[in-house]
Amino acid sequence: MRSNTTVVYCSTDNLISTVNKALSGFAEFLEGLSEANIPIVPVTGRSRLQFDATIRKFGFGHPFLPEGGCGTFLPEDYFHLKPPRSMRLGRFTCVPVASPQPAAAETLGLIAEETRIEVVPLRDLSPRELSQNTGLPQREAELLRQRDFDEIFFFAGASDQDIERFQAEAARQKAQVRPRGALWSVAVGANLASCVRDLSDLYQRSFRANPHNIGIATSDEAGELFPACDRCLLLSGRDSAVPEPGGKCKSLPLFSPDTWPLALEMILNREI
């Protein structure tokens with residue numbers, strides 16, 4: 001029976017670039033968690049196909065939550081018991097939360113029609129247009145638009161008020177419209193907290209004890225993740241709000257050379 005029940009949920013998009021370069025010290029942090037047999041669950045807005053190279057380079061061998069909480073992806077035979085309502089996507093077993101494509105693509109068109117706001121899905125662009133609009137090489141840009149659940153798009157000349165109206169109509173249709181850098185994502189039924197709950201249930205069966213879920217994120221990625229976790233570590237920049245001491249959340253500076261050794265020590269010693 002496993003004695004350590006800690007599970008780390010880490011939003012990785014601000015820590016690992018799209019070309020798989022990590023912030024200084026983060027790879028060593030991952031190695032420390034691996035040596036301590038503590039699972040780290042990456043949380044990312046990137047797709048399964050986009051994230052695959054990251055998994056291979058950094059040796060992620062645990063579940064991950066891509067496309068902003070559209071589903072939980074499990075490596076082959078990760079848990080002894082098969083999870084409920086699972087589906088196969090590539091080399092992973094997925095416990096879906098959002099509706100699979102083409103639901104998001106269809107919903108995007110419907111919302112655009114209802115609001116009369118022009119949007120451009122990436123799937124409608126030629127390879128050259130796709131590369132120009134994303135600023136990515138064609139191969140990386142092509143991976144960006146191949147999604148299992150959400151649809152990536154951009155607004156064509158919409159004002160801030162138009163975007164707010166678009167988001168309100170999406171919420172009415174139980175869809176989530178969220179920024180992805182200069183682009184946007186729409187998904188039907190995405191819910192990061194549900195993904196964490198689904199995975200926690202699976203870990204609970206494996207550990208035979210409740211997992212101790214720790215969330216790690218920068219301020220712009222913490223909003224959905226932190227409420228779903230037991231304890232949190234905010235990676236704060238100059239403009240980040242620092243949590244009150246003694247609360248659910250602690251803070252470390254994002255770019256300090258001491259951050260990742262301190263984070264590992266805090267996790268190992270249950271100081272978070």
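Modeller: A residue counts as buried when its relative accessible area is under 20%. The model discussed here is a predicted one.

Colleague: Is Phe51 then buried or exposed?

Modeller: Phe51 has 0% relative accessibility and therefore counts as buried. Phe60, at 9%, also falls in the buried class.

Colleague: What kind of pair do Phe79 and Tyr203 form?

Modeller: Phe79 and Tyr203 are edge-to-face, with 5.2 Å from centre to centre and 75 degrees between the planes. Because Phe79 belongs to the loop between β3 and β4 while Tyr203 belongs to helix α7, the pair ties together parts 124 residues apart in sequence. Both Phe79 and Tyr203 are buried.

Colleague: Which residues form one aromatic cluster?

Modeller: The cluster consists of Phe51, Phe58, Phe60, Phe64, Phe73, Phe92 and Phe149.

Colleague: What is the strand order of the open sheet?

Modeller: Its 5 strands follow the order β2-β1-β10-β11-β12, and their pairing is parallel. At the edges stand β2 (40–43) and β12 (249–253), each of which pairs on one side only. From one strand to the next, the twist averages 20 degrees.

Colleague: Where does helix α7 pack?

Modeller: Helix α7 (residues 192–207) packs on the sheet and touches β1, β2 and β10. The direction of helix α7 makes about 155 degrees with that of β1.

Notes:
Residues are numbered from 1 along each chain as its sequence is written. This is a predicted model: local features need pLDDT of at least 70, side-chain atom pairs count only at pLDDT 80 or more; totals for chains, interfaces and linings use all residues. Side-chain values use heavy atoms; hydrogens and water are left out. Two strands pair if DSSP finds at least two bridges between them. Helices (H or I, at least four residues) and strands (E, at least two) are DSSP runs, numbered from the N terminus. Axes are lines fitted to C-alpha atoms, for helices over the stretch in contact, and angles run from 0 to 180 degrees between N-to-C directions. Contact means heavy atoms within 4.5 Å. Buried means under 20% relative accessible area, exposed over 50%, partly exposed in between (1.4 Å probe, protein chains only). Rings of Phe, Tyr and Trp (its six-membered ring) pair if their centres lie within 6.5 Å; planes under 30 degrees apart count as stacked, over 60 as edge-to-face and the rest as tilted.
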